[in-house]
Amino acid sequence: QARLVESGGGLVQAGGSLRLSCAASGYTSTNLYMAWFRQPPGKEREFVAGIRLIGGSISYTDSVKGRFTVSRDNAANKIDLEMNGLQIEDTAAYYCAATARVPNGRDYYLSPLNYDTWGQGTQVTVSS
C-alpha cells in the first residue's frame, strides 16, 4: 500500500528557515511526481512545489520562488522542501502528495485532485 511519511515543520520567526521531508513507500512505479501543497486556515489547499523523481523537472508557485527549494533523493524515494525567508503568509498545514498518473495538461500537477496519495500533514507556523 502506497504511503507518504512527512517530517519537519514547526514554529519559526519571520525570516527564519525550516526543512520538510517526505518519504514514499509501497509504490510499484518509480516514475512518481511528488509535490508539496499547503492549506492555510479557512482556505483551499494550494500547490507549493513539485518535482519528478526521474528527470527532476521542478515547479514552484510564484509566491515561493527564490525562497523555497525542492529536492529529491531517488534512492530513498524522498523529497525535501527547504524553506528560507519564511513569511507570516507561509503559515499553513503542509502536505506531501504523490502521483504516478500521466499528465494531460500543462497545469496538471497544480490540482490536488490529480494526486493518489497524501501524507498526514505537518504544521508550519511563522510568527512576527
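**Close-up 1. Val-126 sits in strand β11, which covers residues 122-127.** Strands here are DSSP runs of E with at least two residues, helices are runs of H or I with at least four residues, and both are numbered from the N terminus. This is a predicted model, so local features need pLDDT of at least 70 and side-chain atom pairs count only at pLDDT 80 or more, while totals for chains, interfaces and linings use all residues. Residues are numbered from 1 along each chain as its sequence is written, and side-chain values use heavy atoms, with hydrogens and water left out. Is Val-126 buried or exposed? Val-126 is buried, at 5% relative accessibility (buried means under 20% relative accessible area, exposed means over 50%, and partly exposed falls in between, using a 1.4 Å probe and protein chains only). Setting aside residues up to four places away in sequence, Val-126 touches Val-12, Gln-13, Ala-14, Leu-86, Gln-87, Ile-88, Asp-90 and Thr-91; a contact means heavy atoms within 4.5 Å. Val-5 lies 121 residues from Val-126 in sequence, and their C-alpha atoms are 22 Å apart.

**Close-up 2. Arg-38 is a buried arginine in strand β4.** The strand takes in residues 33-39, and the relative accessible area of Arg-38 comes out at 5%. Which side chains make polar contacts with the side chain of Arg-38? One is Tyr-94, at 3.0 Å, and another is Ser-63, at 3.4 Å. A polar contact is a pair of N or O atoms within 3.5 Å; within protein, one must be able to donate a hydrogen and the other to accept it, and residues adjacent in sequence count only if both atoms are side-chain atoms. Once its neighbours within four places in sequence are left out, Arg-38 is in contact with a list of residues that includes Glu-44, Arg-45, Glu-46, Val-48, Phe-68 and Asp-90.

**Close-up 3. Thr-117 in strand β10 pairs up with Tyr-27.** Their side chains are joined by a polar contact of 2.7 Å. Thr-117 counts as buried, with 12% relative accessibility. Beyond four places in sequence, Thr-117 also touches Ala-2, Arg-3, Leu-4, Cys-96, Ala-97 and Ala-98.

**Close-up 4. Asp-80 takes part in a salt-bridge network.** The linked residues are Arg-19, Lys-78, Asp-80 and Glu-82. A salt bridge puts a side-chain nitrogen of Lys or Arg within 4 Å of a carboxyl oxygen of Asp or Glu, and the structure holds eight of them. Asp-80 meets Arg-19 at 3.1 Å, N to O. That pair links distant parts of the chain: Asp-80 is in strand β8 (residues 78-83), Arg-19 is in strand β3 (residues 18-25), and the two are 61 residues apart. Asp-80 also meets Lys-78, here at 3.0 Å, N to O.

**Close-up 5. Asp-116 and Arg-101 form a salt bridge.** Their closest N and O atoms are 2.8 Å apart. Both residues are in the loop between β9 (92-99) and β10 (117-118), 15 residues apart. Asp-116 is partly exposed at 40% relative accessibility, and Arg-101 is partly exposed at 34%.

**Close-up 6. Asn-77 has a positive phi.** Most residues other than glycine have a negative phi. Asn-77 is not a glycine, yet its phi is about 50°. Where is Asn-77 found? Look in the loop between β7 (68-73) and β8. Asn-77 is buried, with a relative accessible area of 18%.

**Close-up 7. The largest pocket holds about 160 Å³ of space.** On a 1 Å grid over the protein atoms alone, a pocket is an open set of points where a 1.4 Å probe fits, with protein on both sides within 12 Å along at least five of seven lines; lining residues have an atom within 4 Å of a point. Points are joined across faces, edges and corners, and the volume is the space filled by probe spheres set on them. The lining includes Tyr-33, Phe-47, Tyr-60, Arg-106, Asp-107 and Tyr-109. Strands β5 (46-52) and β6 (58-60) each supply at least two lining residues.
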